[in-house]
Amino acid sequence: MPPTRQRTRGRGPVRRRLLPRPRVMLGLLLVAVFVGVLIVQAYINAEFKSDHVDTEVGDQAGVPAEILNGGPVLNTTGGQESTSRMPPKTIALTFDDGPDPAWTPKILDVLKEQGAHGTFFVVGSEVSRHPALAKRVTDDGNELGLHTFTHPNMQRLAPWRRTLELSQTQVAIARATGVHTNLARFPYSSKAAAIDETNWKLIKDAGKQGYLVVVNDTDSQDWQRPGVSQIVRNATPDGDNSAVILFHDAGGDRQQTVDALREFIPKMKARGYQFTTVTEGLNRTIEQSKQAVPKLPENPEAAGSDVWRGSAVIWTVRVADGLVWVIAGLFLVVGALTIGRTALLLLLATRHARQRRKPGWSWGPPVVEPVSVIVPAYNEKEGIEAAVRSLAGGDYPDIEVVVVDDGSTDGTASLVEQMRLPNVRVVRVPNGGKSNALNTGVALARHDLIVTVDGDTIFEPDSIRQLVQPFADPTVGAIAGNVKVGNRERMVAAWQHIEYVIGFNLDRRLYEVLGIMPTVPGAIGAFRREALAQVGGISDETLAEDTDVTMAMLRQGWRVVYAEDAKAWTEAPATLEQLYRQRYRWSYGTMQAMWKHRGALLDKGRFGRVGLPFLALFGVALPMLAPVVDIMLVYGLVFWELEETLVAWLGMLALQLFTAAVAFRFDKESLTPLWRLPLQQFAYRQLMYLVLMQSATTALTGGRLRWHKLHRAGLTARAGTVPPPPMQDLAPVVDTWPSTMGQDRNGDHPAAGRAVARPVVPSQATRDPEDLPSAGSPPGGGSGPVYTG
């Protein structure tokens, strides 16, 4: 009993999927990771200006006078509203915007040399990046304060974001140093006298969270880099006044700050000043006031929960930074490979084209030997008549067309028979796949020059003649023709037209010059019977049988060349879904073929030394890394200068357009379709990325892939391409397979005896009627789309 092909669920039959469900979850996961990285980067990498940015002071009517006229340490905890100063002749050095891996260590060295300590108001994102440096600050006897996580203008943030800016910095400090801090300083704040109502509200909110807010008495203005002497003068307090002095240990070149500190600290000590941290200074003030107020702990131990939360924050920052660095590195690699490949492509393809255009250039004496054209067909009723008529009506002197019907259920064989073309015969075989159909056709063919054609392809009158001329060179074992997209009206097909022109007129020229042509396309290719026999015929071990057999021939030392004037018109997928299915099969099949022939790396031939590594690098690795170009475009639009990013992207697009224009010129094609190329960057390429990722996943997991029937509309014969077929002797009629009618052959003829079909491929045993026994490879010959820039 045959296997059940349909089952009923609900109202009607449910058809089995022809391909594994696209890895939607994989794609969504990758998108989610990328979006998450961008969000983290948008948060932690927000560009900020240094604290010197002038901000307008607003209405101060609601700010208590004792605050405006008070000290630099503001206490609003527990509902109180008070300020404090450092004790007389005491200086608290404060440093904003760090820790910085270049300048913070130098400032710490100066403090240690001079026997002084300071308070470092750190940015949480920088603590996450440099936790060891934050730890050194506390280990050296200094203290830490909060300067928010991303250095935003707190006046412009929502309340939840302001709380987050402080709490995230606190937990980052806890994880990095194991301590807690009670001090906070807002970016762009200055002195107590500049506090307006908006800032006063922020200060009170911070007090509710338990923070003392620290401003400054004196600004060294080191951010201006006015010179060491001027920084020292700016930092020097008036008379014997105490001071909280603002310096910076990040945000640019801080060498003047380092030098100024080395001069300033001894100078102030000579005047009788002491240097403290902010907390130490407050405790001395409390002691001198003799108030019953508990002293503040300096660098108290952090809570365990904060340490764990800080671990999550630090690792999130590290992962986000690491991924961005990886993406940036890959971008440089992809850029270098792309530019290098494009330069090589243009150089060798141009050399190839010039060689072919030289007056008198030829492959040798004209080839006029009879040709057998093998057309494997499965359910090709839409286009088989036009295809066969174009083949039988070519201008070559002796053409035999063998249509191998691979168990079609739509009457394909009958349509061909009804045409009653004199040099066409039909062979019916049980459904066994394209490789089996091709091998059967070769076995039954009369001639030694074999042309293979897909059942949906239309030849021009001179295509066969142009295709076989390279056989004048006895070292040529196979020839790739020029496949062109016939249905260019829709956008998806037009994109493929661009890809085909570039792939055939640049890539295949490059491959021929290098002697590593990886694929003779199934739509139009020619083989010597001798070469096919030497490699064991068309293998069914991969889904890209055309790539498989071509690689096998290269390993046997045969030349594989490109005949650019031999044109075949094929019907390309008209929808993104059909395109996805086709390219998924192509990519996976090509990866199979490359893995199958990995032993070529140990061969002495050019394919092993050059071809396979070239394909692995530029046909698999480069297309799979190509998404970083789009990622960096988005990243640049978010974080970098818009103008610079657009200039870089337009430069890459210009390189692609130039390369495409060269290919179109070689093929004598109109440049008009190239206006679609920019749009290709935003839909077509992303689809190809997903195809490659799914193909690689399928290959790595050992999944199997089955044939898929594309929905054909059929190509109409191009004007002037299909003249009436020449009258020749009627080819033997074969109405069943194996043949039992009128085939008198010599016993030593390659097709003598009964041709035995190979066993049905297991994965095709229960194939749906819509499956198509047709495979192939991308126009460029690799496993992915053609990238030229």
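1. Lysine 89 counts as partly exposed because its relative accessibility is 25%. (Buried means under 20% relative accessible area, exposed over 50%, partly exposed in between, with a 1.4 Å probe and protein chains only.) Its phi is near 55°, a positive value in a residue other than glycine. Lysine 89 is found in the loop between strand S4 (82-84) and S5. (Helices, H or I of at least four residues, and strands, E of at least two, are DSSP runs numbered from the N terminus.)

2. This is a predicted model: local features need pLDDT of at least 70, side-chain atom pairs count only at pLDDT 80 or more, and totals for chains, interfaces and linings use all residues. Residues are numbered from 1 along each chain as its sequence is written, and side-chain values use heavy atoms, leaving out hydrogens and water.

3. Aspartate 97 also has a positive phi, near 85°. Aspartate 97 lies in the loop between S5 and H3. At 2% relative accessibility, aspartate 97 counts as buried. Proline 99 lies in the loop between strand S5 (90-96) and helix H3 (104-114). The peptide bond from glycine 98 to proline 99 is cis, with omega near 0°.

4. There are eight aromatic pairs. (Rings of Phe, Tyr and Trp, the last by its six-membered ring, pair if their centres lie within 6.5 Å; planes under 30 degrees apart count as stacked, over 60 as edge-to-face and the rest as tilted.) Tryptophan 361 and tryptophan 363 form an edge-to-face pair, 5.1 Å centre to centre, with 75° between the planes. Tryptophan 361 is partly exposed at 30%, whereas tryptophan 363 is buried at 18%.
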